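Trainee: Please take one part of this model and go through it closely. I would like one connected account, with the cut-offs stated.

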Amino acid sequence: MPLVDPHALTSVDWVNIHNWLTILWLFLPLMIVFAFSMMIAHAFIPSGVATGDFPAGLSKLRLPITVIGLVALAAAVVVFILALMATWSTIGFFWDRHFV
């Protein structure tokens, strides 16, 4: 079976690729926010309070920081799903075979 050459990219294809890359680049900062907020809320604050380096009142910030992390995780999952859905439609306009 002969391999099909990809079609030439039009300006609409470049706009779709730009939108796909923008969605994909949003995923990284959201995951960084999630990771650091979980690390701060569940590792640094409890350890610092237990050793006496941080005041005990700082433990009250654990819940809001955890909520921020979970919101960032939920947004990252949504962004990842949007990127997956956009992948097939973006590539499908100029390359007919996805799994080659």
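Mentor: Start with a definition: the bend at a residue is the angle between two fitted axes, one for the seven residues ending there and one for the seven starting there. The part to look at is helix 1, which has a kink of about 35° centred on I40. Helices are DSSP runs of H or I with at least four residues, strands are runs of E with at least two, and both are numbered from the N terminus.

The model is predicted, so local features need pLDDT of at least 70 and side-chain atom pairs count only at pLDDT 80 or more, while totals for chains, interfaces and linings use all residues. Residues are numbered from 1 along each chain as its sequence is written, and side-chain values use heavy atoms, with hydrogens and water left out.

The protein chain has 2 helices and 0 strands. Just after helix 1, G52 takes a positive phi of about 90°.

Now burial. Buried means under 20% relative accessible area, exposed over 50%, and partly exposed in between, with a 1.4 Å probe and protein chains only. In helix 1 the buried residues are D13, I17, F34, S37, M38, A41, I45 and G48. Of the 100 residues in the protein chain, 20% count as buried.

Next, the surface. L21, L24, W25, L28, I32, F36, M39, I40, F44 and F54 form a nonpolar patch. Together they have about 920 Å² of accessible area, computed by the Shrake-Rupley method with a 1.4 Å probe, and for residues only the protein chains shown count as cover. Patch residues have over 30% relative accessible area and no salt bridge; nonpolar side chains (Val, Leu, Ile, Met, Phe, Trp, Tyr) are joined within 5 Å, like charges within 9 Å. A salt bridge puts a side-chain nitrogen of Lys or Arg within 4 Å of a carboxyl oxygen of Asp or Glu.

L21 lies in helix 1 and counts as partly exposed because its relative accessibility is 35%. I32 is also in helix 1; its relative accessible area is 39%, so it is partly exposed.
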